[in-house]
Amino acid sequence: MLHCPALVTIRLIAGKWKTRILWALRPGPVAFNALQRQLPGISAKMLIEHLRQLETDGLVIRTGARRGKVETVTYAYSDYGRTLIPVLDRLGDWGLAHEERN
């Protein structure tokens, strides 16, 4: 069987929402509710599921902070996850250059 290194990346970011979540995290840490607002159509359950997968894969870090009785959860790239940003940038460049074909 032919080894395809690109599949390593594709397996980590595959799915309807993972790439969108990673794109939304590019500017910096994002609170869960703000992230859900940036991704219309995703349910809280689906967002949690994908964030957990990204966290398990080491791409994203979850941070909780308590202010009084309210806990705010934010998500951000891990150091390892940030190494994926140039790859997403190149994918985005290719998409922009060819989006009229699709």
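**The sheet and its surroundings**

Modeller: Of the 102 residues in the protein chain, 29% are buried. This is a predicted model, and the values below are computed from it. The accessible surface of the chain is about 7,200 Å², and carbon and sulfur atoms hold 57% of that area. Along its principal axes, the C-alpha trace spans about 55 × 35 × 25 Å. Among contacts with a separation of 6 or more, 46% join residues 24 or more positions apart.

The chain has six helices and three strands. Their order along the sequence is α-α-β-α-α-β-β-α-α.

Now the sheet itself. The three strands make an open sheet, ordered S1-S3-S2, with antiparallel pairing. Strand S1 (30-31) and strand S2 (60-67) are at the edges; each has a single partner strand, so one side of each has no neighbour in the sheet.

S1 pairs with strand S3 (residues 70-77) in the antiparallel sense, over two bridges. Val30 has Tyr75 as its bridge partner in S3, and Ala31 stands opposite Thr74 in S3.

S2 and S3 form a hairpin with two residues between them. Gly68, in the turn, has a positive phi of about 70°. As a general point, side chains in a regular strand alternate between the two faces of the sheet.

Leaving out residues up to four places away in sequence, Leu59 touches Leu12, Leu54, Ala76, Tyr77, Ser78, Tyr80, Gly81 and Leu84. One of these contacts, Ala76, is 17 residues from Leu59 along the chain, and their C-alpha atoms are 8.6 Å apart.

Helix H4 also holds His50. His50 has a relative accessible area of 9%; the cut-off for buried is under 20%, so His50 counts as buried. Beyond residues up to four places away in sequence, His50 touches Trp17, Lys18 and Ile21.

Last, the largest pocket. Its volume is about 230 Å³. The lining consists of Ile13, Thr19, Arg20, Trp23, Ala24, Leu39, Leu88, Leu91 and Gly92. By class, six of these residues are nonpolar, two polar and one charged. Helix H2 (18-24) and helix H6 (85-98) each provide at least two lining residues. H2 gives the most, with four residues.

Technical notes:
Residues are numbered from 1 along each chain as its sequence is written. This is a predicted model: local features need pLDDT of at least 70, side-chain atom pairs count only at pLDDT 80 or more; totals for chains, interfaces and linings use all residues. Side-chain values use heavy atoms; hydrogens and water are left out. On a 1 Å grid over the protein atoms alone, a cavity is a set of points where a 1.4 Å probe fits but cannot get out, and a pocket is an open set with protein on both sides within 12 Å along at least five of seven lines; lining residues have an atom within 4 Å of a point. Grid points are joined across faces, edges and corners, and a volume is the space filled by probe spheres set on the points. Ala, Val, Leu, Ile, Met, Phe, Trp, Tyr, Cys and Pro count as nonpolar, Asp, Glu, Lys and Arg as charged, and the others, Gly among them, as polar. Buried means under 20% relative accessible area, exposed over 50%, partly exposed in between (1.4 Å probe, protein chains only). Contact means heavy atoms within 4.5 Å. Accessible areas come from the Shrake-Rupley method with a 1.4 Å probe; for residues, only the protein chains shown count as cover. Two strands pair if DSSP finds at least two bridges between them.
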